[in-house]
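Hello,

Here is the structure I promised to pass on to you. Please have a look at it first, and then read on for my notes.

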Amino acid sequence: DPTGEPEGTLVRTNENYTPDAEKPDRIDATLLALVRNEEVDAMVMSMRDLERTWNSKFNYPWTFFNDKPFTEEFKRKTRAATKAKCTYELIPDEHWDTPSWIDDQLYRESTKILGKSGVQYADKISYHKMCRWNSGLFYKHPALKDTRYYWRVEPNVHFFCDIDYDVFRYMHDNNKTYGFTINLYDDPKTLPSLWPETVKFLAEHPDYLHDQSARKWVTDDIRRPEHNKAAHGFSTCHFWSNFEVGDMEFWRSKPYEDYFNHLDRAGGFFYERWGDAPVHSIALGLFEDSSKIHWFRDIGYQHIPFFNCPNSPKCRGCVTGRLTDGEAFLHHEDCRPNWFQYAGMG
Ligand code: GDP
Ligand code: MN
């Protein structure tokens, strides 16, 4: 006992609780959620699961983001779901508004066609803004200035397994940049020009390609050749970004900043429906050492309609190994085998 006090003299009202100040080895990290006021009950469900299985042992703060001010009801209900600190942040207009170089007429015409071809959310402008913000803007919010690691949490997701170690410390101590649970194919119709734009960008910046990158995972054309063809050279296999644990130093690096700006100017966040998941995944797959990307096999997770469900006595409420409880065809959407083939276990 470093304080020299006899055991048992410390009075603690809550056995598991240690105030932040007592933990000198804390990692600069936050749980992070972009969420709407009307999703508060679904957000609280996600919080309850993550607090029960993990955060009640570590008390990392929660940071909530919204393009509209959070209501008192939202604040009250989310504060009640954790003993960690909660902060509520408004997204500045310049991070959320459609950029000036986007042509409104062209946006409406092209998304109408996308919508007709079955692209989900094609004509929902807020969805396009959300994907753009998650791709290249969230980590620029002034509230995250002194924060390095984040764990993204959406409303209405589930966590099934007790996690007894500090996930952020794991990332830091093992020099990991990014952690994921689920790998899926994307709908190529959402991103026909994303890979062609990426190829142009790489031609301008050949030095950004990492020696140890997972480039072959990004460009695989063996398992789903029709996806690669429709996406003009991108496998569409991506880290499903509604779950992500990441080091924002990667997003704040020059290669990623240049890449995001290139894509943003090209317009595909609006004229097509590029998701933040394929954008993040391509960048990680090209500009990062693949061994710095980690599969959290031990974090049992669900975002409808997919699961990551490990075989462990620490897990309750999901079926081991099952990817989906939706229709059988959804099983074909899993591309984790590609990741393991090209990039190993991370
Ligand atoms: P999906 O998972 O692709 O179907 O998309 P979601 O509807 O779940 O949206 C992804 C995340 O962004 C969720 O955390 C939503 O709460 C959040 N989100 C989406 N659109 C908006 C928006 O217009 N405003 C705010 N504040 N959050 C949004
Ligand atoms: Mn979602």
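Below is a short tour of what turned up, moving from the strands to the cores and then to the charged side chains. Please keep in mind that this is a predicted model.

**Around β4**

In general, backbone hydrogen bonds hold paired strands of a sheet together, in either a parallel or an antiparallel arrangement.

How are the faces of β2 and β4 placed, buried or exposed? In β2, Trp62, Phe64 and Asn66 point one way while Thr63 and Phe65 point the other way, and all are buried. Since 5 of the 5 residues of β2 (residues 62-66) are buried, this strand is largely enclosed by the rest of the structure. β4 is covered on both faces as well: Tyr149 and Trp151 are buried on one side, and Tyr150 and Arg152 are buried on the other. As background, side chains in a regular strand alternate between the two faces of the sheet.

**A three-stranded sheet**

There is also an open sheet of 3 strands, in the order β5-β11-β12, with antiparallel pairing. Its edge strands are β5 (158-159) and β12 (306-308), each of which pairs on one side only. β5 meets strand β11 (residues 301-303) over 2 bridges, and His158 has Gln302 of β11 as its bridge partner.

Ile304 and Pro305 are joined by a cis peptide bond, with omega at about 5 degrees. Pro305 sits in the loop between β11 and β12. Asn156, in the loop between β4 (149-152) and β5, has a positive phi near 65 degrees. Asn156 is partly exposed, with a relative accessible area of 34%. Elsewhere, His232 has a positive phi near 60 degrees, and its place is the loop between α9 (225-230) and β8 (238-239). For context, most residues other than glycine have a negative phi, and most peptide bonds are trans.

**The nonpolar cores**

The largest nonpolar core holds 53 residues, and the members that touch the most others are Phe138, Trp251, Tyr256, Tyr259 and Phe287. Helix α13 (residues 276-287) gives the most to this core, with 6 residues. A second, separate core has 41 residues, among them Leu31, Leu50, Val157 and Ile299.

**Charged side chains**

The structure holds 24 salt bridges. Arg148 takes part in a pair that is worth a look: its side chain meets that of Asp247 in a salt bridge (2.8 Å, N to O). Arg148 lies in the loop between α5 (125-136) and β4, and Asp247 in strand β9, so the pair ties together parts that are 99 residues apart in sequence. Asp247 is buried, at 6% relative accessible area, whereas Arg148 is partly exposed, at 25%.

Arg148 also forms a salt bridge with Glu249 (3.7 Å, N to O). Glu249 is in helix α10 (residues 248-251), and this pair links parts of the chain 101 residues apart.

A local case is Lys75 with Glu72, where the closest N and O atoms are 3.8 Å apart. Both lie in helix α2 (residues 72-79), 3 residues apart, about one turn of the helix.

The side chain of Glu51 makes a polar contact with the side chain of Thr82 (2.8 Å). Beyond its neighbours within four places in sequence, Glu51 is in contact with Ser56, Trp62, Ala81 and Thr82.

Enjoy exploring it!

Best wishes

How values were computed:
Residues numbered from 1 in each chain as written. Chains lettered and ligands numbered in written order. Predicted model: local features only at pLDDT ≥ 70, side-chain atom pairs only at ≥ 80, totals over all residues. Heavy atoms only, no water. Core = buried A, V, L, I, M, F, W, Y, C linked by side-chain atoms within 4.5 Å. Buried < 20%, exposed > 50% of the residue type's maximum accessible area, 1.4 Å probe, protein only. Helix = DSSP H or I, 4+ residues; strand = E, 2+ residues; numbered from the N terminus. Polar contact = N/O pair within 3.5 Å; in protein donor to acceptor, adjacent residues only side chain to side chain. Contact = heavy atoms within 4.5 Å. Pairing = 2+ DSSP bridges. Salt bridge = Lys/Arg side-chain N within 4 Å of Asp/Glu carboxyl O.
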